[in-house]
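User: I would like a close look at a single part of this model. Please keep the answer brisk.

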Amino acid sequence: MNATAAAPPPHPAHDELIRRWLDTVPAECAPSADPRPYAENLLARWAEPQRRYHTTDHLLAVLGHLDLDALAGHADDPAAVRLAAWFHDAVYRPDRTENEERSAALAERALPELGLDDARTSEVARLVRLTATHDPAPGDTNGEALCDADLAILAAPPASYAAYAAAVREEYGFVPDAAFREGRAAVLRQLLELPTLFRTPHGRAEWEARARQNLTTELDLLTI
């Protein structure tokens, strides 16, 4: 794995994130593999300058949600889900459409070097690709846990949700305002038309109603 940009100043949670990575990976490592450089490379990717929402803070938030017993306990393979969280936006260019595919391909290259077997590597890559649609099949408990953790921002308190929406707009700063409003409104309508935004019992009970309120409010502001 090669870093894609010059190393930025360390994130305040850098050491915590390294610890979390080491806590997730060691049991899966080949004896000769050193997992720390992989974490450093991933963190450099998450800190790239084109990011405004898909940042190290987002990675921290997703990992934090996956610490909840209601999500970790829901997944069949919590370690695979956490590894997928690390990789799910590792490649991110807001002007590209293949970010999830490239992120999954990165996992498929890196994880075998760390000693993960083919089955576990395939599962992590599958989960990363799933974040393109956030539409896990019924009974896909790993996918449900990851997708709910990734979408939990939709249920944030109003001020935090507004900051999220503003950060998304900054990431797409190259898009003219009228085109962005039209495209973003279409995304929000698609989300609101889903039977449920969240697939785990915890997500449906704790996040669904607030997320729909946030999405409706943003859509109203975009279409005034």
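How exposed is Arg52, in terms of relative accessibility, and what is Arg52 in contact with, leaving aside its neighbours within four places in sequence?

Analyst: This is a predicted model, where local features need pLDDT of at least 70, side-chain atom pairs count only at pLDDT 80 or more, and totals for chains, interfaces and linings use all residues. Residues are numbered from 1 along each chain as its sequence is written, and side-chain values use heavy atoms, with hydrogens and water left out.

Arg52 is partly exposed, at 42% relative accessibility. The cut-offs are these: buried is under 20% relative accessible area, exposed is over 50%, and partly exposed is in between (1.4 Å probe, protein chains only).

Arg52 sits in the loop between α2 (36–46) and α3 (56–66). Helices are DSSP runs (H or I, at least four residues), numbered from the N terminus.

Now the partners. Beyond four places in sequence, Arg52 contacts Ala167, Glu170 and Glu171. Contact means heavy atoms within 4.5 Å. Ala167 is 115 residues away along the chain, yet its C-alpha atom is 5.2 Å from that of Arg52. With Glu170, the side chain of Arg52 forms a side-chain polar contact of 3.4 Å. Such a contact is a pair of N or O atoms within 3.5 Å; within protein, one must be able to donate a hydrogen and the other to accept it, and residues adjacent in sequence count only if both atoms are side-chain atoms.

Next, the helix on one side of the loop. In α2, eight of 11 residues are buried. Among them are Leu42, Leu43 and Trp46. The buried residues of α2 pack against α1 (14–24), α3, α5 (78–87) and α6 (99–113).

Technical notes: Helices (H or I, at least four residues) and strands (E, at least two) are DSSP runs, numbered from the N terminus.
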